[in-house]
Amino acid sequence: MKRNDLFILGAVLALAAILLLLRLPSGEKGCVIVYVNDAEYARLPLGTPTTLTIDQGNGMVNVVEVFPGGVRMQSSTCKNQLCVLQGDVTAESAAHAALENWIVCLPNRVSIELAAEDVP
């Protein structure tokens, strides 16, 4: 690689990191958006500790825990428990997580997004 190629690559990586940090909430700004069956189910402020139980009435139950700065799937009735094993999603951890700022429970069709916008 030439020196100019390395400079361009470094600039693109730095720009991508800056855009990611601007897109994700930090601290207590932002919100958590919960989707069930591809429809918005709840929009929760990030700065207020909250536990949301999603009972779909057919044995599918998910418990979402919002804490200052992040969110986690506390429990789920799905068999594989991958959504629970994803752990805490925060602005800092999203940069290294496979799903970035999302937690997804495919069997129960529940997904959680850590979003930069505030709750209206």
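Visitor: How much accessible surface does the chain have, and what share of it belongs to carbon and sulfur atoms?

Guide: Keep in mind that this is a predicted model. The chain's accessible surface comes to about 7200 Å², and carbon and sulfur atoms hold 60% of that.

Visitor: And what percentage of the residues count as buried?

Guide: There are 120 residues in the chain, and 34% of them count as buried.

Visitor: Okay, now the layout. How many helices and strands are there?

Guide: You'll find three helices and eight strands. Walking from the N terminus, the elements go α-β-β-β-β-β-α-β-α-β-β.

Visitor: What about contacts between residues 24 or more positions apart?

Guide: Take the contacts with a separation of 6 or more: 40% of them come from residues 24 or more positions apart.

Visitor: How many bridges join S5 and S6?

Guide: Two bridges, in the antiparallel sense.

Visitor: Which residues have the most contacts inside the largest nonpolar core?

Guide: A core is read as buried nonpolar residues joined through side-chain atoms. The largest one here has 20 residues, and Val32, Val71 and Met73 have the most contacts inside it. Several strands supply at least two residues each, among them S1 (31-36), S2 (39-45), S5 and S8 (110-115).

Visitor: What does valine 71 touch, beyond its neighbours within four places in sequence?

Guide: Valine 71 is in contact with Val32, Val64, Glu65, Val66, Gly87, Asp88, Val89, Ile103 and Ile112.

Visitor: One more residue: where is serine 76, in terms of strands?

Guide: Serine 76 is in S5, the strand covering residues 70-76.

Visitor: Is serine 76 buried or exposed?

Guide: The cut-off for buried is under 20% relative accessible area. Serine 76 has 11% relative accessibility, so it counts as buried.

Visitor: Which side chain makes a polar contact with the side chain of serine 76?

Guide: That would be the side chain of asparagine 108, at 3.4 Å. Leaving out residues up to four places away in sequence, serine 76 also touches others, including Val61, Asn62, Gln81, Cys83, Val84 and Cys105.

Terms used: Residues are numbered from 1 along each chain as its sequence is written. This is a predicted model: local features need pLDDT of at least 70, side-chain atom pairs count only at pLDDT 80 or more; totals for chains, interfaces and linings use all residues. Side-chain values use heavy atoms; hydrogens and water are left out. Helices (H or I, at least four residues) and strands (E, at least two) are DSSP runs, numbered from the N terminus. Buried means under 20% relative accessible area, exposed over 50%, partly exposed in between (1.4 Å probe, protein chains only). A polar contact is a pair of N or O atoms within 3.5 Å; within protein, one must be able to donate a hydrogen and the other to accept it, and residues adjacent in sequence count only if both atoms are side-chain atoms. Contact means heavy atoms within 4.5 Å. A nonpolar core is a set of buried Ala, Val, Leu, Ile, Met, Phe, Trp, Tyr and Cys residues joined through side-chain atoms within 4.5 Å. Two strands pair if DSSP finds at least two bridges between them. Accessible areas come from the Shrake-Rupley method with a 1.4 Å probe; for residues, only the protein chains shown count as cover.
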